Amino acid sequence: MTNVTAEIKQSNGITMVAKKVSAKWFGDKNVLSFDAKGIKKVLSNVGQSCFIVRDPNGLIGVADRLGTDDPSKLTSMELLATVPAFLPSQLGDPEFRKTYGLQYNYMTGAMANGIGSAELVIAMSKAGMLSSFGAAGMVLSRVEKEINAIQKALGDKPFAVNLIHSPSEEALEREATDLFLEKGITIVEASAFMDLTPHIVRYRASGLSQDADGKVVIKNRVIAKISRSELAEKFMKPAPDPLLDQLVAEGKISKDEAECARKIPMADDITVEADSGGHTDRRSLVCLLPAIIALRDELQSKFQFPKEVRIGAAGGLGTPKSIFAAFMMGAAYVVTGSVNQACLESGSSDSVRKVLSEVDMVDVMMAPAADMFEMGVKLQVVKKGSLFGLRAQKLYDIYEAYNGMDEIPEKERGSLEKTLFKDTLDNIWKNCVDFFNERDPDQIKRAEDNPKRKMALVFRWYLGLSSAWANSGEKGRELDYQIWCGPAMGAFNKWTKGSSLENWENRKAAEVANHLLTGAAHLFRIQSLEMSGIRMHSDYKHWEIA
């Protein structure tokens, strides 16, 4: 160390003399890097501490170690800063990792119809990350088959299953809850909920108990995906008394379970979903995430839960910078979606993966959702290379304009049968009857004397199958592919340009996650330099010293 005397003039005009300590780095001259390539390499090795130095000529470089075994190579330079090692596993709230038995605070969100496949879930769990199986939209027999495969492959390793709110098909939500409880699923990702239902409350309350100290022991954990503060608040509070009382009266949960449920929040974690693929309100993450964190803090202060609800981030996360930004805003964990659909393990088809690899940030649009068609709910899809979005909107416009299929003008009807359905609407209705008699017969009963409801089911046939066609790569239906996607996909494609990940055939979900997290950890190290008054330009050549 050397002492440097400096004069500091204060605002009141008084001059102070202070001693500034100038540190020295001592080490092997051969480990010093002053070129951009070498500097980038050292800083990118996030698991190794490094040192920012300045030579007598003012040139700034880095060294990845101190000292040397060879005295003839020993040199010294001015030490500007020490950059500590920072691993990807250090990003986010350690309680999230501890609760779910993970290595990283990273989750792949559920993508319906098995796009969030068993293969994807297994790969991510084995890599130390949480993944949610996309059970929404699938018949229960297949869901059970896939859960069996996941449990066989993973044993005690963690994974989640999606429980989606189904306002138009309440039986699906109820039966899915029954299945998850029967199969011992202890983590669900609750999505598309507009209010709490008896089914999600039953899942949360089932198996609750108290230990010898009176502390509530949670069996079934809920990760709720939301995009509105009023809904987040419902999941941050205990289950409502009327729903708990109803479930007790029906024998669905015990009185003890109900009492335990009154002492804990409905969810362990809240995923704040911004501009994502699929169901989305296209909110801004930089506005929504801080607001939900503030709401959590307010409710935690009121209820004083033993463990506060953790807040994660989703939507628009497709690059290391966006991942880093989410963590810096206070996200306990991050959730990716669109980028995983383009990976080899997803339940999508190679045709879709190729389309996704070419998507830019502007190549997405909103289109009517199959599961909430009558309510006018929309989801975000790819518009490049597909006419699904425009055709789906056309169906909704017709649904709004007429009270039944018989009212549709003959020319309009003929166009629909020729271009979209490629069959008569009457034949499509027969297909709907066969489908719902197996899945949910009540849907057919409700439509028998309701022409508008019947028309909705026929239109939903197209909306539902368009996703299946995309997943299977149905030939001749390419223009009808419904591909759920957000702008994160375009950002990811730009980031991977020129790398091995540019080619969709090289994209594996765990590898993508590791690149994103390592990149975010690297950015944390760069940010720590800026906080110490040293700014390095993106070219790794130019520096600014405060």
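Please keep in mind as you look around that the model is a predicted one. The structure holds one cavity of 30 Å³ or more. The lining of the largest cavity is made by Met 236, Arg 296, Leu 299, Gln 300, Phe 305, Glu 308 and Val 309. Helix H10, covering residues 285-303, gives the most to that lining, with three residues. Sorted by class, the lining of the largest cavity has four nonpolar, one polar and two charged residues.

Now for a wider view of the chain. There are 20 helices and 21 strands in the chain, and its C-alpha trace spans about 90 × 60 × 55 Å along the principal axes. Of the 546 residues in the chain, 52% are buried. Take the contacts between residues at least 6 apart in sequence: 67% of them join residues at least 24 apart.

Next comes an open space to explore. The second largest pocket has a volume of about 700 Å³. It is lined by 19 residues, and the closest to its centre are Lys 321, Gly 519, His 522, Leu 523 and Tyr 540. Two or more lining residues come from each of helix H1 (36-44), helix H11 (320-328) and helix H20 (509-531). Which helix gives the most to the lining of the second largest pocket? That is H20, with eight residues. By class, the lining of this pocket divides into seven nonpolar, nine polar and three charged residues.

Here are the two linings side by side.

Let us turn to a pair of helices. Two packed helices are described by the angle between their axes and the distance between the axes. Helix H16 (residues 425-439) packs against helix H18 (residues 451-472) at an angle of about 85°, and their axes are 9 Å apart. Because of that angle, H16 is roughly perpendicular to H18. On the H16 side, the contact is made by Leu 425, Ile 428, Trp 429, Asn 431, Cys 432 and Phe 436. H18 brings Lys 454, Leu 457, Val 458, Arg 460 and Trp 461 to the contact. By class, the contact of H16 with H18 has eight nonpolar, one polar and two charged residues.

Two single residues are also worth a visit. Start with Gln 341, which sits in helix H12 (residues 338-341). Is Gln 341 buried or exposed? Gln 341 has a relative accessible area of 3%, so it is buried. Apart from neighbours within four places in sequence, Gln 341 is in contact with Met 111, Ile 115, Ser 346, Ser 348, Val 352, Arg 353, Leu 356, Ile 483 and Trp 484.

The other residue is Thr 319, found in the loop between strand S16 (310-314) and H11. With a relative accessibility of 15%, Thr 319 counts as buried, because buried means under 20%. Not counting residues up to four places away in sequence, Thr 319 touches Ala 491, Phe 492, Trp 495 and Leu 516. Where does Pro 409 lie relative to Thr 319? They are 90 residues apart in sequence and 48 Å apart in space, C-alpha to C-alpha.

Terms used: Residues are numbered from 1 along each chain as its sequence is written. This is a predicted model: local features need pLDDT of at least 70, side-chain atom pairs count only at pLDDT 80 or more; totals for chains, interfaces and linings use all residues. Side-chain values use heavy atoms; hydrogens and water are left out. Axes are lines fitted to C-alpha atoms, for helices over the stretch in contact, and angles run from 0 to 180 degrees between N-to-C directions. Helices (H or I, at least four residues) and strands (E, at least two) are DSSP runs, numbered from the N terminus. Angles under 35 degrees count as roughly parallel, over 145 as roughly antiparallel, 65 to 115 as roughly perpendicular and the rest as oblique. Contact means heavy atoms within 4.5 Å. Ala, Val, Leu, Ile, Met, Phe, Trp, Tyr, Cys and Pro count as nonpolar, Asp, Glu, Lys and Arg as charged, and the others, Gly among them, as polar. On a 1 Å grid over the protein atoms alone, a cavity is a set of points where a 1.4 Å probe fits but cannot get out, and a pocket is an open set with protein on both sides within 12 Å along at least five of seven lines; lining residues have an atom within 4 Å of a point. Grid points are joined across faces, edges and corners, and a volume is the space filled by probe spheres set on the points. Buried means under 20% relative accessible area, exposed over 50%, partly exposed in between (1.4 Å probe, protein chains only).
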